[in-house]
Amino acid sequence: MAISTYAELKTAIANWMARSDLTGEVADFITLGEAALNRELPAVETDGTLTGVVDSRRIDISALSLVAPIALYIVISGDEELVTPRTDGTFAYAGTSGRPTYWGIDGNYIDFDCPLDQAYTFRLRYRQRFAFLMQGKAWVGKC
């Protein structure tokens, strides 16, 4: 049986347990399984596509299983250009909208040095933890 969604994963686990008194605990079993695998497996590199919001200087990355960012690329007309990281988070914020020059991670957000003047597409290269559910998709063997 191919498992392609989180709901299918939960159903498959409930079926394998053959105990109706534990079906309410399936989500906890998945969380514990992810934690055990993260203790054993190294973080893997992957890419994520993000879209900025006009006049915002932040992109929410809380849905990613981010361990460490590697690089951020801005996609313009099919070409990608590296945006300069500022890992120490020290860069001046511009008051006018434009194309970002610098970025840094602030908790669950990527912060830019200026509000975006358009809805840019970005490709974030990062190391991630193992997760059965990533960005609304079931894990399909990325490790």
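**Figure 1. Salt bridges in the predicted model.** Eight salt bridges occur in this predicted structure. Side chains of opposite charge can pair when their charged atoms come close.

**Figure 2. E45 pairs with R125.** The closest N and O atoms of this salt bridge lie 3.1 Å apart. E45 sits in strand 1 (residues 44–51) and R125 in strand 7 (residues 121–128), so the contact ties together parts 80 residues apart in sequence. E45 is partly exposed, at 41% relative accessible area. R125 is also partly exposed, with a relative accessibility of 24%.

**Figure 3. R125 also pairs with D47.** Here the closest N and O atoms are 3.0 Å apart. D47 has a relative accessible area of 35% and is partly exposed.

**Figure 4. R58 meets D111 in a salt bridge.** The N to O distance between the two side chains is 2.7 Å. R58 lies in strand 2 (residues 58–60) and D111 in strand 6 (residues 109–112). The pair links distant parts of the chain, 53 residues apart. R58 is partly exposed, at 32% relative accessibility. D111 has a relative accessible area of 6%, so D111 counts as buried.

**Figure 5. Shared partners build one network.**

Notes. Residues are numbered from 1 along each chain as its sequence is written. This is a predicted model: local features need pLDDT of at least 70, side-chain atom pairs count only at pLDDT 80 or more; totals for chains, interfaces and linings use all residues. Side-chain values use heavy atoms; hydrogens and water are left out. A salt bridge is a side-chain nitrogen of Lys or Arg within 4 Å of a carboxyl oxygen of Asp or Glu. Helices (H or I, at least four residues) and strands (E, at least two) are DSSP runs, numbered from the N terminus. Buried means under 20% relative accessible area, exposed over 50%, partly exposed in between (1.4 Å probe, protein chains only).
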